[in-house]
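Below is a briefing on one chain, grouped by topic. Terms are given with their cut-offs where they come up.

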Amino acid sequence: MNELITIIFNLFMMPFEKISLNKRRKELITKANGKVLEIGSGGGINFNYYNPKNIESLNVLDLKFNKFILNHKLNKEININYITANAEKLPFEDKYFDTVVVTLTFCAIDNPNKALEEIYRVLKDDGKLIFIEHVLPHDKAYKNLANSLNSTWKKVGKCNINCDTYRNIENANFKISNYEKFGNKVFVFIKGIAYKI
Ligand SMILES: C[S@@+](CC[C@H](N)C(=O)[O-])C[C@H]1O[C@@H](n2cnc3c(N)ncnc32)[C@H](O)[C@@H]1O
């Protein structure tokens, strides 16, 4: 994500961060442990929530890193490895990671099902996928609106607003726990921890 898009994205998300996202990030990211892979780090908003005591290695992967993230020095206790790659083809061996973290990113990945297949592959059998995502509204009118606006929004906002991420995660052979849906009628978010079946 380039600098300009990061600034616009952060400004747009600010109210959601304050009202609901920050505390969910804190609750979930502190549960990351062992060898950790974060996919789609954007401006590095999750970095301060990792608990250094639980982390063996923190590997963050994105299509493109910008100077904000590369200058990130806030979490000095954790050494961060930056990997430029596509989530649809993860450059790691099978069953390598204890935790994969994905926040507000499945909606930006062209083929989220392929990324989930890859996440399943690189996670250890007892590993976990921590996620927070925005998804298609349930309300019929907003759902139709999101579906009809999606292709235009994708060009501007670089993400899909009609993702069914809960179902995608389940279809990838994960069992979801700690699940919560939150937000409002228009902006719907889900969060949880998914384990391999
Ligand atoms: C909307 S930002 C999310 C930033 C951050 N995780 C958060 O919670 O705010 C989505 C990020 O996913 C990255 N991304 C999109 N498609 C990707 C892919 N196929 N592989 C890896 N990263 C990808 C983008 O470059 C961007 O940094």
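The chain has 5 helices and 7 strands, where helices (H or I, at least four residues) and strands (E, at least two) are DSSP runs numbered from the N terminus. Their order from the N terminus is α-β-β-α-β-β-α-β-α-α-β-β. This is a predicted model: local features need pLDDT of at least 70, side-chain atom pairs count only at pLDDT 80 or more, and totals for chains, interfaces and linings use all residues. Residues are numbered from 1 along each chain as its sequence is written.

**Overall dimensions**

- The radius of gyration is 16 Å, which agrees with the value near 16 Å for a compact globule of 197 residues; it is taken over C-alpha atoms, and the globule rule is 2.2 Å times the number of residues to the power 0.38.
- Along the principal axes, the C-alpha atoms fill a box of roughly 45 × 40 × 30 Å.
- Of the 197 residues, 37% are buried; a residue is buried if 20 or more other C-beta atoms lie within 10 Å of its own, exposed if 12 or fewer, and partly exposed in between, with C-beta atoms placed from the backbone.
- Among contacts with a separation of 6 or more, 66% join residues 24 or more positions apart; a contact requires C-beta atoms, placed from the backbone, within 7 Å.

- The 7 strands form an open sheet in the order 3-2-1-4-5-7-6, with mixed pairing; two strands pair if DSSP finds at least two bridges between them.
- Strand 3 (80-84) and strand 6 (174-183) are the edge strands, each with a single partner, so one side of each has no neighbour in the sheet.
- From one strand to the next, the twist averages 15°.
- Strand 1 and strand 4 are paired in the parallel sense over 4 bridges, and I39 has V102 of strand 4 as its bridge partner.

**Helices on the sheet**

- Helix 1 packs on the sheet, where it touches strand 4, strand 5, strand 6 and strand 7, and its direction makes about 180° with that of strand 5; axes are lines fitted to C-alpha atoms, for helices over the stretch in contact, and angles run from 0 to 180 degrees between N-to-C directions.
- Helix 3 also packs on the sheet, touching strand 1, strand 4, strand 5 and strand 7, at about 150° to the direction of strand 5.
- The buried residues of helix 3 are P112, A115, L116, E118, I119 and Y120, and they pack against strand 4, strand 5, helix 5 (165-171) and strand 7.

**Nonpolar core**

- The largest nonpolar core has 45 residues, of which V100 and L129 touch the most other members; such a core is a set of buried Ala, Val, Leu, Ile, Met, Phe, Trp, Tyr and Cys residues joined through C-beta atoms within 7 Å.
- Elements that each supply at least two residues of this core include helix 1 (3-29), strand 4 (97-103), helix 3 (112-122) and strand 7 (188-196).
- Strand 5 gives the most to this core, with 6 residues.
- Leaving out residues up to four places away in sequence, L129 touches V100, V102, I119, L123, F174 and A194.

- Most residues other than glycine have a negative phi.
- L104 is not a glycine but has a positive phi of about 50°; L104 lies in the loop between strand 4 and helix 3 and counts as buried because it has 21 C-beta neighbours inside 10 Å.
- N173, also not a glycine, has a positive phi of about 80°; N173 sits in the loop between helix 5 and strand 6 and is partly exposed, with 13 other C-beta atoms within 10 Å.

Note on methods: Two residues are in contact if their C-beta atoms, placed from the backbone, lie within 7 Å.
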